[in-house]
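Student: Could you walk me through the aromatic contacts in this model, and then through the charges that sit over rings?

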Amino acid sequence: MQEINLPKVIFGTSGLGNLYVALSEEVKRAIVAESIKHSPKPAVFDSAGKYGAGLALESLGKALAQLNVNPSNVLISNKLGWLRTALKTPEPTFEPGVWRDLKYDAVQRISYEGILECYEQGNELLGNYDAGLVSVHDPDEYLTAAKDEQEQTQRYQDILEAYRALYELKRDGKVKGVGVGSKDWRIIKKIAHDVKLDWVMIANSMTVHSHPPELIEFMQELEKQGTLIINSAVFNGGFLTGSDYYNYRLTDPVKDKHLYHWRELFRKLCTDHQIKPADACVAFGLNGPGVKSIALNTTNPDRVSQNVALAHLKIPAQFWKEMKEYGLIEKSYASYYL
């Protein structure tokens, strides 16, 4: 296996695909420039054909070219499974209401041929740059969309066939590593039993608020196998740092009072120790077993250096001790911090 060097912070690119807000080309270029400036080489970008129906890949490739970044100084992860197509409706059909000012639509293509098609299109959109890390995008959602058990079985075979294609790319030296990214870590575990993965990206699962013992055990297994772990969405969709959305679901202060109670206690402890909630979230997410990197997104160029700095902050042991005493983190997990 080619050596994969991952810095502590890798840069998410959904903002480059106009997630929730349409950014100007100048702002996108500034975000990429700051990412390159503040990261050790190679700077790592996490992207996907689903992000803005390929717009994120296109914007990233264009910005890197305009900045004259040497391809050897950047490593791009492309999560595959969505193919750019013509826009024939007033707004894209694949995730209505989420993306802004798109000129294309996207369709799902998870199969041996489909994943190769996504890979080739992704590299075309990147221009002078190629994806060095590849994976199947959100296999959990693909499986959940099955109408019955028979279709789910067939869809899982589609995923395995997609991985057969990805490993041929690796065999031929076209990519450095093959991985998986999923919001449901149990699907990562299922795939990891059938496919030898170089890396995994865990999303919304391994956070200071939610870190089930079964997940910790699985991460320890991955660590022993030498599989790199990237942790992402460590703010539970922004809720832990003040948003009303928990894992992209709008919360209700009455129905979800347990979430608000947890956040209130968490904020109080952070205030007592003069720690920003975001700092505690990142520190917790980075220090899990086997975690090599954390993926952070921003639509503000001025936030990039702050995000990189988050990964190097030291949180006092007393803070974690009190988190355990308040029951805010699993007692079995607290040993990683005390």
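Tutor: We will go through the ring pairs and then the charges. This is a predicted model, where local features need pLDDT of at least 70, side-chain atom pairs count only at pLDDT 80 or more, and totals for chains, interfaces and linings use all residues. Residues are numbered from 1 along each chain as its sequence is written, and side-chain values use heavy atoms, with hydrogens and water left out.

Student: How many aromatic pairs does the structure hold?

Tutor: There are 10 aromatic pairs, where rings of Phe, Tyr and Trp (its six-membered ring) pair if their centres lie within 6.5 Å, and planes under 30 degrees apart count as stacked, over 60 as edge-to-face and the rest as tilted. Phe239 and Tyr246 form an edge-to-face pair, because their ring centres are 5.8 Å apart and their planes stand at 75°.

Student: And what about Phe239 and Tyr260?

Tutor: The rings of Phe239 and Tyr260 have centres 5.2 Å apart and planes at 90°, so this pair is edge-to-face.

Student: Are Phe239 and Tyr260 buried or exposed?

Tutor: Both Phe239 and Tyr260 are buried, with buried meaning under 20% relative accessible area, exposed over 50% and partly exposed in between (1.4 Å probe, protein chains only).

Student: Switching topic, which charged end sits over the ring of Phe239?

Tutor: That is Arg263, whose charged end lies 4.0 Å from the ring centre of Phe239; a charge sits over a ring if NZ of Lys or CZ of Arg is within 6 Å of the ring centre and within 35 degrees of the ring normal. The charged end of Arg84 sits over the ring of Tyr104, 3.8 Å from its centre.
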